[in-house]
Amino acid sequence: MKKIQHVSSFKGTLRVPGDKSISHRAVMFSSMAKGTTQIRGFLPGADCLSTISAFRRLGIEIEQSGDRVQVQGKGWYGLTEPSEILDIGNSGTTIRLMMGILATQPFHTVLLGDESIARRPMGRVAGPLRQMGARIDGRGEGNFAPIAIRGGNLKGIEYHSPVASAQVKSAILLAGLQAAGITTLYEPELSRDHTERMLSSFQVEVNSFAGGVNVTGGQELISPGEIEVPGDISSAAFILAAAAIVPGSYVVIEHVGVNPSRTGILDVLLAMGADLRLQNERVVNGEPVADIEIKYTPLHGITIEGEIIPRLIDEVPIIAVIATQAEGTTIVKDAAELKVKETNRIDTVVGELRKLGASIDPTEDGMVIEGPSMLQGAVCDSHGDHRIGMATAIAGLVAKGETAILNPGSIDVSFPGFFEKLAGLSL
Ligand code: S3P
């Protein structure tokens, strides 16, 4: 259990751990490439460590120490059939992207995860991969882990994904790299495009166009030698939120990834009236990076819907916390995907924030929050979901009295050192 006290303000300059999406891809693509890759700024959180351990079991030599990783890639067909089941823990990105890679491999693999993974839909990836020719099975008609895969001999497809999901897109593109002909993926809105950007830095030709992306099969990945991972905007979001709702705060977060497919949280904060700006904008390994400066100022409620949703889907729990402190109504729509995240985040966000006295109601595809409300310390639970743990902790900073977070260990999935960073900024 972790206890959080009300703070009077937040001040300082800091960095947040490496981007989770980019860290996964850096290890995966380096493992599948020819050559040695040095990764700096890697996120040593539980999810990305699951990716490292899975590739080690597939025969890839990987050394990791803190945020430094060295991967000895052996080329696309350098993997060996694992003798054991691969346990990917809590990581949806690991299991789904690996399904795409393993669909190309002429051997048998079984992927397993924790209780949360066992509830999350895998059919959205298994379905199109089967259409490409992979043999994939699992519980519930092949929709749930454990997932068994025997790959190889794929053919390119045209796939219209019903959801804007980077995990679906990435799995299909990765399989498409070793499929006969062209593989094209259409998505209803643009999901995060780290796969496309990083594949380009591994000398793969990826064609992005309005509404979709395609790759031609038979391409090799060539290591760029070094990859630098920027700070995770999804982790920075919790610190930005703290500064946005605790009066008198002023914080600078350095070296944060500001890929436009991820910056919905910045657009929302600005639309709510936040005093926020980007400095030192630059491009590192094809990914935009900047320092983000934020100063407390009163906020107002807004409606969040449509194409912005995939650009902030992981930030909805913390946006709900911000909305409890903003004047007026905040509405989140078109976000039914929240139901299939690490927890059903419509239920867990509403349930936990109500314990603190927030005025928040669930809807079919989002939530409605009335602000501002004076939150009251309570006992909250992360439900094993890192972002719920961090969102309730930030709410606890503005609540009267003490807030306790049960199961805070889950926060290590994406933000090891979270509480220490908060303590370093609290006055
Ligand atoms: C991720 C994609 C998103 C996101 C997840 C990471 C990725 O999931 O929620 O935290 O790295 O590709 P979906 O693809 O399910 O939207």
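Helices (H or I, at least four residues) and strands (E, at least two) are DSSP runs, numbered here from the N terminus. The model is a predicted one, in which local features need pLDDT of at least 70 and side-chain atom pairs count only at pLDDT 80 or more, while totals for chains, interfaces and linings use all residues. Residues are numbered from 1 along each chain as its sequence is written, and side-chain values use heavy atoms, with hydrogens and water left out.

Pro146, found in strand 9 (residues 144–150), is joined to Ala145 by a cis peptide bond with omega of about 0°. A cis bond also joins Gly371 and Pro372, here with omega of about -5°. Pro372 belongs to the loop between strand 21 (366–371) and strand 22 (379–381). For context, most peptide bonds are trans, and most residues other than glycine have a negative phi.

Positive phi values can be found in two loops. Asp334, in the loop between strand 19 and helix 12 (345–355), has a phi near 60°, a positive value in a residue other than glycine. Asp334 counts as partly exposed because its relative accessibility is 42%, where buried means under 20% relative accessible area, exposed over 50%, and partly exposed in between (1.4 Å probe, protein chains only). Asn407 is not a glycine either, yet its phi is positive at about 55°. The loop that holds Asn407 runs between strand 23 (402–406) and helix 14 (418–425), and Asn407 is partly exposed because its relative accessible area is 47%.

Gly328 lies in strand 19 (residues 328–332). With a relative accessible area of 24%, Gly328 is therefore partly exposed. Its C-alpha atom is separated by 14 Å from that of Ile304, which is 24 residues apart from Gly328 along the chain.

Turning to the interior, a nonpolar core is a set of buried Ala, Val, Leu, Ile, Met, Phe, Trp, Tyr and Cys residues joined through side-chain atoms within 4.5 Å. The largest such core has 77 residues, and Met367, Ile394 and Phe418 have the most contacts inside it. Helix 9 (residues 233–245) provides the largest share of this core, 11 residues. Another core, of 66 residues, lies apart from it and includes Leu58, Val69, Phe202 and Val204. In soluble globular proteins, nonpolar side chains tend to be buried together.

The residues around it (one heavy atom within 4 Å) include Lys20, Ser21, Arg25, Thr93, Arg96, Arg192, Asp314 and Lys341. Helix 1 (20–32), helix 3 (92–102) and helix 7 (166–176) each supply at least two residues of this shell, and helix 1 gives the most, with 3 residues. An N or O atom in the side chain of Ser21 is 2.7 Å from a ligand oxygen, and for the side chain of Thr93 the distance is 3.5 Å. Ala166 takes part through a polar backbone atom, 3.0 Å from an oxygen atom of the ligand. The protein covers 95% of the 380 Å² of accessible area that the ligand has on its own, as given by the Shrake-Rupley method with a 1.4 Å probe.

Technical notes:
A polar contact is a pair of N or O atoms within 3.5 Å; within protein, one must be able to donate a hydrogen and the other to accept it, and residues adjacent in sequence count only if both atoms are side-chain atoms.
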